[in-house]
Amino acid sequence: LRTSVGIVGAGPAGLLLAQLLHRAGVDAVVLEARNRDYVEHRQRAGLLEQGTVDVLRSAGAAARLDREGLVHEGIELRFDRRSHRVDFPSLADGRRVTVYAQTEIVKDLIALRLEAGAPLLFEAVAQEIVDIDTERPVIRYFHDDAERTLECDFVVACDGFHGIGRQTVPEDALTTYSREYPFAWLGILADVPPSCEELIYARHERGFALHSMRSEHVSRLYLQVAPDDRVENWPDERIWEELELRFAVRGDWKLHRGPITEKGITPMRGFVAEPMRHGRLFLAGDAAHIVPPTGAKGLNLAAADVTLLARALGDWYAHADEAGLDAYSERALRRVWRAQHFSNWMTTMLHPDPREDAFSARLHLAQLEYVAASVAGSTMLAENYTGLPME
Ligand code: FAD
Ligand code: DHB
């Protein structure tokens with residue numbers, strides 16, 4: 001098989017890149033290790049920056065998002081049993097965010113690609129990427145019981161944190177930075193209308209809690225747990241009781257309970273690999289970087305990476321212009337580190353750290369109070385949360 005751009009991975013990064021390239025008239029083949037049902041139902045992120053929504057629209061992939069996405073103009077911060085609202089449009093130049101699940105973006109992009117008859121192979125496992133220092137890199141992959149090869153002009157590894165793309169880069173050509181956080185999130189989906197109109201980020205002595213949603217009928221909630229905790233330790237009743245304690249406020253507020261349809265534990269880490277290019281191999285999304293989820297940046301960063309890359313590849317094919325490809329890593333990394341800083345700031349401010357002393361805990365509360373009470377403080381949150389403009 002031969003193509004212009006070989007894309008490894010059909011997560012949001014790989015699928016959006018393929019769609020943007022398709023619109024630019026550049027052909028690509030997407031190889032995905034798992035089956036369609038698996039990638040369409042993997043529960044992950046749910047919050048889109050304005051810029052991500054705009055890119056999906058420009059890619060012609062936002063018809064259902066525009067109908068079903070929930071537009072939010074703020075979030076609620078809870079601590080000391082009080083609520084504080086952060087308003088986005090007034091603090092962040094009119095920007096809003098949209099609640100629309102990653103699973104739905106993935107479904108929409110897969111449907112568009114298959115309708116267009118463009119190549120997307122499921123259960124196609126990339127084994128090795130070779131000749132990335134040449135003008136003809138090759139992906140060796142396994143599909144339909146046979147070893148196969150895909151010859152490309154460029155390879156983009158959108159194969160997530162555990163993929164093979166990053167491992168293909170020679171060790172001495174890559175610098176990695178990482179941080180493990182001493183907690184994890186237990187996430188649930190429940191068939192119950194959300195108990196709030198906007199997302200609630202709560203800091204409590206017992207741990208952080210987040211109330212998010214997927215629709216008017218489905219709630220998505222998270223609890224800070226220990227990194228070695230297991231879902232078996234969390235029967236439904238215990239989850240609801242813990243959520244109720246952590247969201248408690250003075251005055252009236254009620255957490256609605258309902259059947260829990262999904263439970264999972266996600267570790268929290270920050271990770272960056274630099275540069276995001278080696279020869280004709282490019283890294284995008286989780287293949288190059290991971291952020292702790294508190295700032296809701298993972299999916300949005302993946303979208304920003306492939307937006308830059310699609311434009312750069314488009315310029316290369318249309319005018320033999322290499323400038324965008326040469327600038328890709330540096331431009332993407334500027335956004336990545338901004339998001340890494342914001343995610344770290346939100347995470348440390350909102351999670352009691354079992355290793356931290358009482359003094360640090362008081363400092364984090366003082367920081368929260370400043371964010372809630374000051375325009376300067378809440379502007380920092382609002383402009384980062386809604387997403388800085390794309391370069
Ligand atoms: P992925 O979505 O990981 O896609 C990579 C794809 O590559 C996968 O489909 C994989 O099967 C495929 N692949 C891997 N290896 C190969 C191979 N060798 N050959 C072929 N295909 C391969 N972000 C938030 O903002 N909020 C959240 O609440 C949140 N929760 C998360 C929960 C979990 C459990 C995880 C893992 C991430 C979460 N994230 C969250 C982060 C967000 O979901 C990711 O940033 C986003 O999925 C990145 O998209 P991606 O396309 O780069 O990678
Ligand atoms: C969701 C996840 C996040 O990490 C976040 O900060 C906000 C929302 C979600 O899954 O809905």
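Domain bounds in this briefing come from an automatic or database domain assignment. On that basis the chain is divided into domain 1 (5–72 + 96–178 + 269–346) and domain 2 (181–268 + 354–385), and 29 Å separate their centres, taken over C-alpha atoms. This is a predicted model, in which local features need pLDDT of at least 70, side-chain atom pairs count only at pLDDT 80 or more, and totals for chains, interfaces and linings use all residues. Residues are numbered from 1 along each chain as its sequence is written, while chains are lettered from A and ligands numbered from 1 in the order in which they are written.

**Domain contact**

- Contact between domain 1 and domain 2 involves 10 residues of domain 1 and 17 residues of domain 2, two residues being in contact if their C-beta atoms, placed from the backbone, lie within 7 Å.
- The side of domain 1 that touches domain 2 has five nonpolar, four polar and one charged residues; Ala, Val, Leu, Ile, Met, Phe, Trp, Tyr, Cys and Pro count as nonpolar, Asp, Glu, Lys and Arg as charged, and the others, Gly among them, as polar.

**Ligand surroundings**

- Ligand 1 is surrounded by 31 residues, of which the closest are Gly 9, Gly 11, Gly 160, Gly 285 and Gly 298; a residue is near a molecule if its C-beta atom, placed from the backbone, lies within 6 Å of it.
- Helix H1 (12–23), strand S9 (125–130) and H9 are the elements that give two or more residues to this shell, where helices (H or I, at least four residues) and strands (E, at least two) are DSSP runs, numbered from the N terminus.
- By class, the shell around ligand 1 holds 16 nonpolar, nine polar and six charged residues.
- Around ligand 2 stand Ala 45, Gly 46, Leu 47, Leu 199, Ser 212, Arg 220, Pro 293, Thr 294 and Ala 296, which divide into five nonpolar, three polar and one charged.
- Both domain 1 and domain 2 supply at least three residues each to the shell around ligand 2.

**Nonpolar core**

- A nonpolar core is a set of buried Ala, Val, Leu, Ile, Met, Phe, Trp, Tyr and Cys residues joined through C-beta atoms within 7 Å; a residue is buried if 20 or more other C-beta atoms lie within 10 Å of its own, exposed if 12 or fewer, and partly exposed in between, with C-beta atoms placed from the backbone.
- The largest such core has 116 residues, and Ile 7, Leu 17, Val 155, Val 156, Ala 284, Val 306 and Leu 309 have the most contacts inside it.
- Helix H9 (residues 298–319) gives the most to this core, with 11 residues, and each of domain 1 and domain 2 contributes at least three.
- Leaving aside residues up to four places away in sequence, Ile 7 touches partners including Leu 17, Val 30, Val 156 and Cys 158.

**Sheet**

- Eight strands form an open sheet with mixed pairing in the order S6-S5-S14-S15-S16-S13-S17-S20; two strands pair if DSSP finds at least two bridges between them.
- Strand S6 (82–87) and strand S20 (289–290) are the edges, each pairing on one side only.
- Strand S5 (residues 74–79) pairs with S6 in the antiparallel sense over six bridges, and Gly 74 stands opposite Asp 87 in S6.

**Backbone features**

- Most residues other than glycine have a negative phi, and most peptide bonds are trans.
- Glu 274 and Pro 275 are joined by a cis peptide bond, with omega about -10 degrees; Pro 275 is in the loop between strand S17 (260–274) and strand S18 (277–278).
- Glu 123 has a positive phi, near 50 degrees, and is partly exposed, with 14 other C-beta atoms within 10 Å.
- Asp 145 has a positive phi, near 65 degrees, and counts as exposed, with 5 C-beta neighbours inside 10 Å.
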